Structures are given as structure tokens and as C-alpha cells.
Amino acid sequence: MKLHRNLVFAVIDALNLIFNENEYADKVVQKVLRFDKRWGARDRGFIAETTYEMVRFKRLYAEIAEVKAPFSRPDLFRMWAVWAVLKGIKLPDWKQIEPTPERRIKGKFDELSKIRKFREAIPDWIDELGEKALGDKLWTEEIAKLNEPAEVILRTNTLKTNKETLRKALLDENIVAEPIRGYPDALKLVERANVFVTQAFKDGMFEVQDASSQLVAAFLDVEPGQRVVDTCAGAGGKSLHLASLMENKGQLISMDIYGSKLKELKRRARRNGAHNIEVREIDSSKVYKKLYGSADRVLIDAPCTGLGVLRRNPDSKWKMQPEFLDKIVQTQHEIIRNYSKIVKPGGKMVYATCSILPQENSHQVQSFLKSEEGKDFTLVKDKKIYASKSGYDGFFMALLEKSN
């Protein structure tokens with residue numbers, strides 16, 4: 001593999017912004033890829049994949065390179081050299097790269113690979129938390145899977161097309177995608193590709209959405225013509241799915257505390273041809289209190305630690321602090337109690353997170369059912385999704401029904 005200096009330097013620039021400036025990896029990669037218009041798909045792929053892999057395994061590479069944060073530029077080059085040696089790439093003769101003891105690197109890698117927190121490159125506290133919550137065996141399998149790069153999964157927008165027509169349309173643009181058994185609207189790319197530049201995307205034929213995430217809207221059991229409220233809609237991945245399951249009939253109210261995310265949802269809804277979505281920014285409690293007792297279906301896709309989606313956001317394990325878990329559990333506790341009041345008698349609600357921790361999932365549901373606000377609800381079913389078992393993101397969803 002021939003290494004190009006400008007591509008490696010771009011990776012170092014990206015790592016500096018992510019590790020030292022605390023910027024988000026996905027935003028940094030987008031920014032860095034705009035540095036040089038002449039880079040082709042392979043160059044861009046090298047920058048993105050190398051950056052993500054080094055973010056994923058930061059702790060392991062830093063330990064082998066014997067460097068500590070904050071990382072100087074020479075530190076970052078040393079970590080990169082470790083990555084290259086472990087990948088079997090011949091190191092170039094550049095002044096930035098010091099003589100690298102390859103045998104020692106490999107020896108140290110073998111030694112550290114026996115210890116989970118180094119092998120899977122996770123902070124001590126997350127490793128302890130995961131083991132305590134899931135048990136040694138499941139946590140070991142889960143964190144290994146969460147360290148693998150995520151595949152690109154598309155959700156067919158059934159308001160505009162069907163899965164087979166979409167598959168053929170992508171094939172016409174030289175993108176090979178295959179259906180996934182058990183996921184009615186999903187297609188998986190055989191090879192990574194920038195799907196956002198395709199005509200099929202511009203025509204609103206699909207959204208990029210992980211297979212596990214695609215199960216949430218369906219879990220809510222919506223029907224055309226209902227009044228449905230998505231309480232933590234964000235940029236609207238699940239709202240758009242709900243709109244297609246409702247066949248554009250009825251009313252879908254998508255709420256969030258962030259107006260900027262709802263703006264993005266409006267844009268996506270136009271492209272999707274989803275006409276029954278109405279966005280409402282939660283700028284005071286009045287916004288949701290007005291809806292109390294009025295909705296057939298309510299989705300609470302609660303903010304969470306995101307431990308189930310580390311494959312997509314590997315930098316979040318370095319940004320998260322132990323106190324964040326306590327804070328988010330408290331936020332979830334309040335959200336489920338406030339937003340559950342929107343469900344009308346006989347209606348249903350889904351509480352979902354992209355976390356694998358019981359304290360954010362089943363414990364929250366059990367605590368809610370014992371509370372004053374939850375006394376009229378019963379748990380119909382719940383689903384725990386682990387990446388190590390499903391191959392897709394870790395998720396939790398619970399369907400609750402309110403008595404008449």
C-alpha cells in the first residue's frame with residue numbers, strides 16, 4: 001500500500017481536532033475531507049476509515065506508543081505508526097516518523113490484547129459498568145462487536161417506492177445492496193459508498209438508518225389516520241418511518257427541544273414526501289401539556305448514553321464522563337413521566353433507547369410502572385437488542401398500553 005503524505009497528514013489533523021479540541025469525529029471527518037478537492041473516493045476512504053479506527057482504539061494505540069493526552073503532533077504520529085505497523089503497512093521514510101521498534105510494538109500488542117479494557121480500548125469506568133450490568137461473558141462479546149465499523153443500512157421510503165425498485169435504482173448507479181431477513185424495509189450495502197450523492201437519495205427513495213433503529217417505529221403499532229406524537233424526534237429518522245407506516249394519513253406531531261434538529265426534519269420530510277408531519281419545538285412545558293390525553297400513540301425515543309451505537313460514534317466513549325450516566329437516567333425518569341400523559345386512554349406508548357444498560361432501559365420501565373403516572377399502564381412486550389447477537393446497533397424498546 002503506497003502511503004501519500006497529504007492523506008496521512010489529514011488523518012493527524014483530524015485526530016488533533018478530535019482528541020485535543022474535543023470536536024465530534026463525524027463533523028471533523030466531513031471538515032477534513034473538504035481540504036482537497038482532488039482527493040478521490042479511495043483517498044477519502046483512507047482518511048475516514050483510518051481516523052475512525054484510531055479514534056476507536058485510541059487507548060490501545062496510546063498505550064503501545066507510550067504517549068499520554070493531550071497529544072502533541074509527534075505523539076499523534078507515533079500512534080499512527082503503531083496503527084500502520086499493526087496493519088502490516090511499511091512505514092515511509094519521513095522526518096515526522098521516528099525510528100519505530102516494530103517487534104516491540106507487536107509484542108506489546110500481544111500482551112495488552114489479553115486485557116479487555118486495552119484490547120477493546122475503553123475507559124476503566126465503562127468497562128466496569130458494562131461488566132456489572134451485563135455480566136462478563138455478554139459484555140466481552142458486546143464491546144468487541146461495538147468496536148467493529150458499522151455497515152451502511154438503508155430504509156426504503158415506502159411512501160415513494162418499494163425495496164426491489166430501490167435496489168434496482170441503486171444498481172443503476174453502481175451500488176449493490178441486499179435485503180436483510182427480518183427487516184421488511186432494509187437494504188444493506190455490500191460495499192461502502194457515498195449514497196447521499198445518488199439520484200435515488202435526492203428523489204427521497206430511502207434514508208440511512210441502522211437495522212435495529214428501523215424496528216422502533218414498527219414496535220409502536222401505528223395505523224393510518226391516528227394521532228401520533230414523537231416526543232424526542234431529533235432530526236426525525238423515526239418520525240419519517242412513522243409517516244410511511246401511517247401512509248401519510250392522520251397527524252404526526254414531531255417534537256424536540258432543539259429547533260435546529262426540527263429544521264433538518266422538515267427538510268428531510270419534504271424530500272421523503274411525508275406530508276402528515278407537524279413539528280413543534282418544546283420551548284416550554286406548555287407545548288407538551290397541551291397534548292395531554294390526546295394521542296393514540298406516543299414514541300419516547302429517550303436521550304441516553306448511546307452505548308449501543310458506539311460503532312457509529314466511537315468518540316463518545318472518550319467524551320462521556322461517569323456523572324453523565326446519573327444525569328441522563330434522571331432525565332429519562334422525568335421524560336417518561338411527563339410525556340406518558342400525552343397517551344389517551346386505550347392508547348399505546350413506546351419507550352426506546354440506543355443503550356444496552358438495564359438502568360436506562362428495563363429499570364426505567366419498571367420504575368415508571370410503579371409510579372403514580374404509570375399506574376394505568378401495562379407492559380405489553382419489550383425487546384433488548386445486542387450488537388453481538390443481531391449484528392446491528394444495541395437498542396431497547398418497550399411497548400406499554402394505557403387502560404381505558
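Reply: Start with accessibility. Buried means under 20% relative accessible area, exposed over 50%, and partly exposed in between (1.4 Å probe, protein chains only). This is a predicted model: local features need pLDDT of at least 70, side-chain atom pairs count only at pLDDT 80 or more, and totals for chains, interfaces and linings use all residues. Residues are numbered from 1 along each chain as its sequence is written, and side-chain values use heavy atoms, with hydrogens and water left out.

Me: Why is lysine 137 called exposed?

Reply: Its relative accessible area is 60%. The cut-off is over 50%, so lysine 137 counts as exposed.

Me: Why is glutamate 141 called partly exposed?

Reply: Glutamate 141 has 30% relative accessibility. That falls between 20% and 50%, so the label is partly exposed.

Me: What makes lysine 137 and glutamate 141 a salt bridge?

Reply: A salt bridge needs a side-chain nitrogen of Lys or Arg within 4 Å of a carboxyl oxygen of Asp or Glu. Here the N to O distance is 2.7 Å, so the pair qualifies.

Me: How do you know that glutamate 66 and arginine 104 meet in a salt bridge?

Reply: Their N to O distance is 3.8 Å. The limit is 4 Å, so they pass. The two are 38 residues apart, linking distant parts of the chain.

Me: What makes lysine 108 and glutamate 66 a salt bridge?

Reply: The N to O distance is 3.3 Å. That is within 4 Å, so this pair counts too.

Conventions. Helices (H or I, at least four residues) and strands (E, at least two) are DSSP runs, numbered from the N terminus.
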